[in-house]
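Welcome! Here is a short tour for anyone meeting this structure for the first time. Have a look at the model below, then read on.

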Amino acid sequence: MKVYVTRLIPEEGLDMVRRYCDVEVWEGELPLPYEVLLEKARDIDGLLSLLTDRIDAPLMDAAPKLRVISNYAVGYDNIDVTAATQRGIIVGHTPGVLTETVADFTMALLLATARRVVEGERFVKAGKWKTWGPTLLLGRDVHGATLGLVGLGRIGASVARRARGFAMRILYHDIARREDLERELGLIYTDFETLLGESDFVSLHVPLTEDTHHLMSKDQFGLMKPTAILINTSRGPVVDQQALYEALKSGRIASAAMDVTDPEPIAPDDPLLSLDNCLIVPHMASASIATRTKMATMAAENLIAGLRGEIPPHPVNPEALRR
Ligand code: DGY
C-alpha cells in the first residue's frame, strides 16, 4: 500500500509506517504546495498530514484509493471531515498525548506575560540594565489572580490543575458544565460575559469551529478589565487579530500572548508585531521532544489501522467505516 507523509516527523513514527507500507515523504522545510499534494494523492491509500495541509473534498476526489487520513495533531480543522465521511475515508488524530505539554506551555506564556520575562530579556541584551530599579519592569502577580478558562476540555482542565498550584481563583465557561471538575478543582462556572469581566487572565481552549471563529473580537475585549491578559494556545482564528491589535494599542486590555495566529506564520508586516505588549511564538505549545515523538507513533498507529480497514485507536469519524 502507498502512503504519503507531508513532512518529516520524528523517526519513531516514520519507521512504523515504513515497516508496513511503501512511503513517500515530503522532506521540505515548508509545507508542500497544494497542487503537489493533489498530484501525489492520485495513487495513495493513506495520507499522514499536518495541520498546515488543507485536506478538502477536491483533494479527496483526486485520491480514489484513499482510505485513511491520519492528522499529526489533535486539532483537525484543516480537514473537511464531512467530505471524508461521505467518501468512507477514516480520519485519525492525536488527542490526549499533548494535553499536559500544552498546559505547561500555557502557564509559561501566562507567567512570562504577567511578569514581563521577554521584555526583561530584551532589556538586558540591549544593554539597558544600569541598576536595580524600584519600578523597573513591574508586572502583575499570578498568585491570587482570577483565571478565566474559555473551554474546559482536556487542556483547559489541565491548565486549571496547574493554576490551583498558583492559588488562582478559576472561572470557566463552556457549552457544557463539568460539575465533577468544579468539585475536584474548585472551579466556578460563569457565562462568557461574566468570565471576561472578572478575569485577570483569559485563556482560550476551544477548537476552531464556525461558532468559535472570532470568538474574541471588539465586543469581548470591551468587556475585559484594562489590566487583563489574553492567552491563546487554541487556534489563531478564534481571535479577531485586528480587534486584538486595537485593544492592545489603546490599552483596552493590558497584554496578550499568542502561540497561534491567523494566518500562520503571521505576516511580517502584521501590526501586532510592533507591540511590546504582545508576545507571539510560532505555534510551539506541544513542542516537547517526548510529546512530538508520541504524536508521531500515534499518527502511525492511526494510519496503519486505517489501512487495515480497522477503526484507528483515535478516530475522528468512526462512522466513515460504515459507508
Ligand atoms: C494540535 O495538535 O492541534 C496542536 O495545535 C499542535 O501543537
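Searching the whole structure, which is a predicted model, turns up 1 aromatic pair. Its partners are Y172 and Y189, whose ring centres are 5.2 Å apart with planes at 70°; angles over 60 degrees count as edge-to-face, so that is the name for this pair. Y172 belongs to strand 7 (residues 169-173) and Y189 to strand 8 (residues 188-189), so the pair ties together parts that are 17 residues apart in sequence.

How do the two rings' residues compare in accessibility? The table sets them side by side.

| Residue | Relative accessible area | Class |
|---|---|---|
| Y172 | 0% | buried |
| Y189 | 28% | partly exposed |

Another ring has a charged neighbour: R54 lies over the face of Y34, at 4.0 Å from the ring centre.

Now let us turn to helix 7. This helix covers residues 154-165, 12 residues in total, and at 1.5 Å a residue it should span 16 Å; the C-alpha atoms at its ends are 18 Å apart, which agrees. Which residues of helix 7 are buried? They are I155, G156, A157, S158, V159, A160 and A163.

What do the buried residues of helix 7 pack against? Their partners are helix 5 (99-114), strand 6 (146-150), strand 7 and helix 8 (179-185). Just after helix 7, A167 takes a positive phi of about 55°.

Notes:
Residues numbered from 1 in each chain as written. Predicted model: local features only at pLDDT ≥ 70, side-chain atom pairs only at ≥ 80, totals over all residues. Heavy atoms only, no water. Phe/Tyr/Trp six-rings, centres within 6.5 Å; stacked < 30°, edge-to-face > 60°. Helix = DSSP H or I, 4+ residues; strand = E, 2+ residues; numbered from the N terminus. Buried < 20%, exposed > 50% of the residue type's maximum accessible area, 1.4 Å probe, protein only. Lys NZ or Arg CZ within 6 Å of the ring centre and 35° of its normal. Expected span 1.5 Å × (residues − 1). Contact = heavy atoms within 4.5 Å.
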